[in-house]
Amino acid sequence: MTLIRDIFCLAALTLISVPALADEQAPLRITKTSHEFIVQTASGPISITRKPTPYAVSKGFLQPLIPQPGVTPVSELDVLQALNDPKVMVIDMRDDDEPLQTIPNTFHIPYNEVEDRMAELSCTRLTKTSWDCTSAPQIIAFCNGPMCVQSPVAIAIMVKLGFPVEKISYYRGGMMDWQALGLTTVTGHRNPRLPGNAAR
């Protein structure tokens, strides 16, 4: 768990680097360090801010489309196709206190458990901090949405432990975009498959 603690502590320090906003109606963060972005227009500067909506999450900040070099960003159409593909695991990486309302036919490995659950991704432990994941499936990781740090943190951990980056795709839109588009959700997840169990 040392690796996940180190990576999460770094993310947490980033989260607290900006003073907390006391007023719930105050703008939410857009980047790691700011709750506004100034656009220079012909009529003068305009401040772009972010306010809570029914789909936005109050935590986090905008994540890059590619959280680690080599990771493939995917759209809802890619996720839909993957849900019927036995060679792909679509993984909800939100932590356990998140609602269980999720995308149908997805697996659940919380970002803060991924270091201890690499075997469920068909990886074999080599050392305390490295794994052989040559037999691992393609995965699509997601969490709450474009501001959620959970799946990017999990992806960073997986890559550091030896999971091939070319086998990782990232659905940055996550639950926020899925629900905003009115796509079907279900309650509960599938259990991750164990090594040697190819069936979904």
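Is cysteine 148 buried or exposed? I looked up its accessibility: at 5% relative accessibility, cysteine 148 counts as buried. I took buried as under 20% relative accessible area, exposed as over 50% and partly exposed as in between, with a 1.4 Å probe and protein chains only.

Ground rules. I am working on a predicted model, where local features need pLDDT of at least 70, side-chain atom pairs count only at pLDDT 80 or more, and totals for chains, interfaces and linings use all residues. Residues are numbered from 1 along each chain as its sequence is written, and side-chain values use heavy atoms, with hydrogens and water left out.

Cysteines. I searched the whole structure for disulfides (cysteine sulfur atoms within 2.5 Å) and found one. It joins cysteine 123 to cysteine 133, S to S 2.2 Å. I read 115 degrees about the S-S bond, a right-handed link. Cysteine 123 sits in the loop between strand 6 (107-108) and strand 7 (124-127). Cysteine 133 sits in the loop between strand 8 (130-132) and strand 9 (138-142), and the two are ten residues apart. Strands here are DSSP runs (E, at least two residues), numbered from the N terminus.

I then checked burial. Cysteine 123 has a relative accessible area of 4%, so it is buried. Cysteine 133 is buried at 2%. Cysteine 143 is buried at 1%.

Threonine 72. I placed this residue in strand 3 (residues 72-73). Which residues does threonine 72 contact, leaving aside neighbours within four places in sequence? I found Ile168, Ser169 and Tyr170, with contact meaning heavy atoms within 4.5 Å. Threonine 72 and serine 169 are 97 residues apart in sequence, yet 4.5 Å apart C-alpha to C-alpha.

Note on methods. Helices (H or I, at least four residues) and strands (E, at least two) are DSSP runs, numbered from the N terminus.
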